[in-house]
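I opened this entry to look up the pockets and then the overall build. My notes follow in the order in which I checked things.

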Amino acid sequence: MAAADVGIPEDIRDLVKGAVSGMHQFVDSEVLPMEQQMGQVLVDERKFFDERGRAVQEIIDAKRQVRMKSARAGYYAMFAPESVGGDGLGVRSMVFVEEALYRRYGPGRPLITWAKGFLTQPTIASFVDGPSHMLVSVSDSVRKDYLPAISAGEKMVCFALSEADAGSDVWGINTRAKRDGDDWVINGSKQWITNSPYADYAVVFAITNDDLMAERKGGISAFFVETAADGYTFDGVLPVMGHQGGDCGSMSFDNLRVPADRLIGVQDQGFQIAMLGISEGRISISANCIGMCGYALDRSLEYAQQRMSFGKPISEYQAIQFMLADMAIDIFTMKYMVLQTAALVETFPQTGRLPVKEISIAKAYAVEKTQECYDRAIQVHGGMGLTNEMPLNEGFRVARTLRIPDGTGEIQRRTIARQMLRGDTVF
Ligand SMILES: Cc1cc2nc3c(=O)[nH]c(=O)nc-3n(C[C@H](O)[C@H](O)[C@H](O)COP(=O)(O)OP(=O)(O)OC[C@H]3O[C@@H](n4cnc5c(N)ncnc54)[C@H](O)[C@@H]3O)c2cc1C
């Protein structure tokens with residue numbers, strides 16, 4: 001589909017075209033040769049992960065190199081706000097650039113996606129690993145001492161909200177922070193935290209006011225924490241969807257002391273910071289989905305025209321054509337839904353209102369349709385679709401995984417319905 005140009009508004013056209021061609025060039029010249037050089041380590045999980053499920057040091061170093069090179073080339077932090085060391089490019093630009101990257105490289109190139117944790121690419125920072133809107137309200141000392149290395153791709157963060165008994169229901173968290181002199185002392189544990197096996201720092205959410213918490217009106221605060229500090233223990237990797245290791249993990253805090261200036265934003269108002277991160281994640285996931293589906297469609301169109309069955313290319317059978325057409329219908333719908341949502345998010349600094357309903361609609365639709373899209377692409381490819389030679393089965397697993405983090409499909413629908421029942425019925 002060359003229709004992408006039609007959708008790029010005039011005001012960001014040059015910027016998007018420059019970023020897309022620059023990033024393609026960057027990945028082709030810097031990342032792909034690294035992949036080739038590393039060979040089997042990348043594709044054989046027995047070599048990729050150690051016995052605890054953690055990526056081996058060679059992989060960790062290679063990913064750091066990609067991030068740092070990308071940062072030096074001006075890509076890694078391009079969508080992060082300027083105040084945290086990024087370039088502050090808008091959300092619509094992010095949608096176009098992430099779509100273009102995933103469409104060209106697909107979901108299954110090891111260094112580009114699954115090795116990182118199903119959510120984004122190491123060439124572009126996200127709120128679960130790098131500089132993001134969540135860090136805008138850190139103290140001046142954190143900004144000065146920590147953010148430069150984070151936006152340079154040298155150090156990484158993770159976003160630690162969920163716990164064993166609190167996933168969809170954020171208000172169920174049990175981790176607590178108590179003030180003691182000039183410090184906060186944190187006790188508790190977190191689970192399912194993307195990038196936690198590798199992160200240098202964690203944004204940890206903890207209860208700081210039980211009364212506000214009981215009323216669900218606040219009482220949660222966010223803290224910037226060093227993962228190497230005494231009292232912080234990484235408890236283990238949680239591999240998902242058939243992999244032998246991964247990027248998700250759990251950790252615990254035992255009298256973990258953090259200086260008072262590590263509080264992020266306003267005390268007791270950390271829930272808003274969490275929602276800022278999660279909203280960013282939902283849009284980014286949706287943008288990735290457009291590109292992932294484009295990749296699956298491109299491969300299916302190629303394959304359908306060259307694969308012969310009963311003396312004809314399978315593309316001549318209506319059953320196959322309908323699958324291709326259904327993929328196109330979903331991609332087209334997804335793309336303009338996500339772009340409209342991105343345009344609304346860009347008005348946030350003026351209106352102070354996040355388009356909560358639209359973000360949930362876009363995330364739910366994009367991830368669910370991506371799974372259907374990969375199912376169809378596998379079907380078009382027959383047995384080839386199931387092999388590890390093609391990244392289609394990986395795309396299917398990624399898509400299935402994406403239906404859980406940053407809010408399950410049920411939680412997105414709950415949010416959409418609640419917003420409408422509060423009067424937000426504009427479409
Ligand atoms: C790969 C992966 C990466 C993740 N990364 C992070 C991360 O970086 N940081 C982080 O903090 N967390 C992370 N999470 C946690 C993720 O946000 C939670 O898993 C998710 O919110 C669901 O919570 P849960 O697993 O506890 O399921 P539950 O909340 O127990 O839900 C179980 C089921 O009940 C449904 N359900 C729950 N409440 C309702 C309701 N009110 N109405 C209808 N249905 C409901 C759910 O939709 C689901 O189907 C990650 C999870 C995964 C799988």
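I took a pocket as an open set of points on a 1 Å grid over the protein atoms alone, where a 1.4 Å probe fits and protein lies on both sides within 12 Å along at least five of seven lines. Grid points are joined across faces, edges and corners, and a volume is the space filled by probe spheres set on the points. I noted that this is a predicted model, in which local features need pLDDT of at least 70, side-chain atom pairs count only at pLDDT 80 or more, and totals for chains, interfaces and linings use all residues. Residues are numbered from 1 along each chain as its sequence is written, and side-chain values use heavy atoms, with hydrogens and water left out.

Largest pocket. I read a volume of about 1600 Å³. Its lining (residues with an atom within 4 Å of a point) has 46 residues, and Ser168, Val170, Ile278, Arg282 and Gly407 lie nearest the centre. I then looked up which helices (DSSP runs of H or I, at least four residues) and strands (E, at least two), numbered from the N terminus, take part. Strand E3 (183-194) and helices H10 (270-306), H13 (356-381), H15 (392-402) and H16 (409-421) each supply at least two lining residues. H10 gives the most, with 7. I sorted residues as nonpolar (Ala, Val, Leu, Ile, Met, Phe, Trp, Tyr, Cys and Pro), charged (Asp, Glu, Lys and Arg) or polar (the others, Gly among them). This lining has 23 nonpolar, 13 polar and 10 charged residues.

Second largest pocket. I read about 770 Å³ here. Of its 44 lining residues, Pro81, Val91, His133, Leu276 and Glu280 are the closest to the centre. Helix H6 (91-105), H10 and helix H12 (348-351) each supply at least two residues. H10 again gives the most to the lining, in this case 9 residues. By class I found 26 nonpolar, 14 polar and 4 charged.

Whole protein. I counted 16 helices and 10 strands. The C-alpha trace spans about 80 × 55 × 40 Å along its principal axes. I found 56% of the 427 residues buried, meaning under 20% relative accessible area with a 1.4 Å probe, protein chains only. Among contacts (heavy atoms within 4.5 Å) with a separation of 6 or more, 73% join residues 24 or more positions apart.

Technical notes
Buried < 20%, exposed > 50% of the residue type's maximum accessible area, 1.4 Å probe, protein only.
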